[in-house]
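Please read these points with the model open beside you. They run from the overall fold to single residues.

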Amino acid sequence: MTVTVATLGFPRIGPRRELKFALENHWAGKTDAQALLATAAALRAAAWTRQAALGVVHVPSNDFSLYDHVLDTSVMVGAIPAIYGWSGGPIDTAGYFAMARGAQGGAAEAACAHGHGHHQGSGLPALEMTKWFDTNYHYLAPEVSRDQAFALTSTKPVDEFLEARALGVHTRPVLLGPVTFLKLAKTKDEGFSPLSLLPALVPVYAEILARLQQAGADWVQIDEPCLALDLTDFERGELRRAYGALTHAAPGLRLMLTSYFGAYGDNLATAVNLPVDGVHVDLARAPEELDAVLALAPESLVLSLGVIDGRNVWRADLPALLDRLDPIVSRRGGDRVILAPSCSLLHAPIDLDLETAIDPEVRQWLAFGVQKIEELVVLATALNQGRDAVAPQLAASQAAARARRASPRIHDAAVAARLAATTPDMARRRSPFGRRQAVQIARLDLPAFPTTTIGSFPQTEAVRQARSAHGKGQLSDADYAAFLRAETARTVAWQAEIGLDVLVHGEFERNDMVQYFGEQLSGFAFTKHGWVQSYGSRCVRPPILFGDVSRPAPMTVDWWAYAQSLTDRPMKGMLTGPVTILNWSFVRDDLPRSLACRQIALAIRDEVTDLEAAGAKVIQIDEAALREGLPLRRGDWAAYLDWAVESFRLAASGVADHTQIHTHMCYSEFNDIIAAIGAMDADVISIETARSKMELLDAFEAYAYPAEIGPGVYDIHSPRVPAVEEMTDLLKAAQARLSAGQLWVNPDCGLKTRKWPETQAALANMVEAARIVRRTVVPA
């Protein structure tokens, strides 16, 4: 028997973001559901056949989604909140996207097939969205209730297995495991644990497994990444009970239990002793766990070894990996070893061959999704046939690894010297918050409940076309700058017209909140086609951090100065923070993340002090991704938070007391890190709270957070326009938790992905809501 290759999941968006454009055309009413589904089918077919042609034996199916695989699971098991008007039966695309994005106008746009629409004033809200473990992928949190009933509502896993089989590809269907699904679920029922619903949920999984076996599946991959988390004895017991039941659902069907993003740790014994046929191990994140796995795993258990990093872009040193794998295969036999990426390739760009403009030296160090599969096939071939069978590939891999280690472009002595000279005082503001606040109130002279936005304004088709034309040399530098100035001037004037108190310039010159800065910092490289899905149709191209970081020149000062010249209202300087730049980049793996982050922090510090010198009274340093870098195990949190908070403070603390420092955070369970947020010592923090109905403020109330807060009063990830009353109610809910003197009024996040009509309507309503609350509530 031979070693085989598996992938745990493949990117859904298509090599040239075909899914993104199909979705957005459908949402805009340009195409119908049939056209969207045809594009989706073509993308699935291309992914299956490509992986099989590359040599993957265990090709995944049901890893594709029109929006999110967790939402697909909610739909599969009938976990559909009553607000969406579902009364049983299949869910059509309108109902599905109502759960994903919300819907304007209620029933007409959100009715589910076999269900009834639900009128709710200004429409239906979307499900709550949050980050998938410690990645930059967003999932839609399942919502369940104490009286939840589950039923097999969608046979998508079976349908796509049969779809692939018709193309001649025998796949291994992927399911999100029942325990992880319930661990991710939210409930509005106080004191109720979603995990208590496991006995009701397992029969639905048993039914889908039986149907997959009837359809011809021989292996099914069940993802339980909760096994990388801290679990209680009770939760481990629930895993044993669930899989004990599932084992009888389809006798003869083989189950591959899959966890990723970290070590099993104290869950390892549970995982390898569940009644499953295989267990996947993430050896990119937890290489040290291999010996323990080999010692505990029963001899009959198939081991899926995640030896190629599915979350980063660096080419592997294949000979070094073979040195680790040879003794394992000799000991266990090839039939009980599968080689795989560490996790789904959803988190990696698709194909390096599309990159023709990237620096050739950097390019040789990289591997995207397709190249990672090729690396796995080379490893399997060497293990099955001997290294001579792939000698050229092994030699090229080893040469690239050596070249990267020796490259003078990676290390900058000046950066190292500056980092060594950093003192603790550089990470402290000159005065405590209370003293700073008094000075800032006098200087800014803002009303109660001051209004602002998070930074970006809609990047219209005209903006994107102008950027593209400029990039292609079809629009001169002067004409492009004139276009951007006109967009900025129009946006500044409109903000002042509707009565926003603290303005932003709109960020029309920026392609992405991380890429824009990375392009102006040393140590970063960029791709043209290295897109990765963030959520739905939202895709990002993470910068590649390959070397030491410094700031050669000011990055934002000129645009801020131009925008401020157009108004007498405060104009925020807008920056991305060091932790977010780090967490939203593909980060070098030859240096501790903490040191790379401090390098970025010093570069941002230079920009902050230059903005202040130019006259900026308010500077926002976004740390949208601070929490998502939090290690999955609580025992590892303190070390991360120490250097992450220090990095933010190092970036922010070079200013005078009268300069107000804002920060922004996305999708955070703030209870977990509220002390660290306090330690950041920002003057104002804005957070996403609309979908949680201000419940996320509970953490700030319990902590007695001393600084000012802008809780988002409307969800920018949905196209719906909330009514004034809805936002007023949210502000009143916020004031029930915090003092009026602490509260700012703003959207949940930046407005880059929205359209102008909905943005203008929503912000006008937001400003009116703030005026109403000012009249009816006396600030503390």
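1. Burial. Of the 780 residues of the protein, 62% count as buried. Buried means under 20% relative accessible area, exposed over 50%, and partly exposed in between (1.4 Å probe, protein chains only). This is a predicted model: local features need pLDDT of at least 70, side-chain atom pairs count only at pLDDT 80 or more, and totals for chains, interfaces and linings use all residues. Residues are numbered from 1 along each chain as its sequence is written, and side-chain values use heavy atoms, with hydrogens and water left out.

2. Overall dimensions. Along the principal axes, the C-alpha atoms fill a box of roughly 75 × 65 × 55 Å.

3. Contacts and secondary structure. Take the contacts between residues at least 6 apart in sequence: 79% of them join residues at least 24 apart. Contact means heavy atoms within 4.5 Å. The protein has 28 helices and 22 strands. These are DSSP runs numbered from the N terminus: helices are H or I with at least four residues, strands are E with at least two.

4. The parallel sheet. An open sheet is formed by 5 strands, in the order β17-β19-β20-β21-β22, and the pairing is parallel. At its edges are β17 (572-576) and β22 (708-711), each pairing on one side only. From one strand to the next, the twist averages 20°. Axes here are lines fitted to C-alpha atoms, for helices over the stretch in contact, and angles run from 0 to 180 degrees between N-to-C directions.

5. Strands β19 (residues 618-622) and β20 (residues 660-665) pair in the parallel sense over 3 bridges. Two strands pair if DSSP finds at least two bridges between them. V618 stands opposite Q660 in β20.

6. Aromatic pairs. There are 16 of them in the structure. In one, the ring centres of W132 and Y139 are 5.8 Å apart and the planes stand at 80°, so the pair is edge-to-face. Rings of Phe, Tyr and Trp (its six-membered ring) pair if their centres lie within 6.5 Å; planes under 30 degrees apart count as stacked, over 60 as edge-to-face and the rest as tilted. W132 is buried at 2% relative accessibility, and Y139 is buried at 5%. Y516 and F517 also pair edge-to-face, at 5.4 Å centre to centre and 85° between the planes. Y516 is buried at 9%, F517 at 0%.

7. A ring cluster. Which residues do ring pairs link into a cluster? They are W132, F133, Y139, Y260 and F261.

8. Charges over rings. R17 lies over the face of W531, 3.7 Å from the ring centre. The charged end of R101 sits over the ring of W27, at 3.8 Å from its centre. The criterion is NZ of Lys or CZ of Arg within 6 Å of the ring centre and within 35 degrees of the ring normal.

9. Backbone points to check. Most residues other than glycine have a negative phi. F449 has a positive phi of about 50°. It is found in the loop between α17 (433-444) and α18 (461-471). F449 is buried, at 0% relative accessible area. E507 has a positive phi of about 65°. The loop holding E507 runs between α19 (477-498) and α20 (515-518). At 10% relative accessibility, E507 is also buried.
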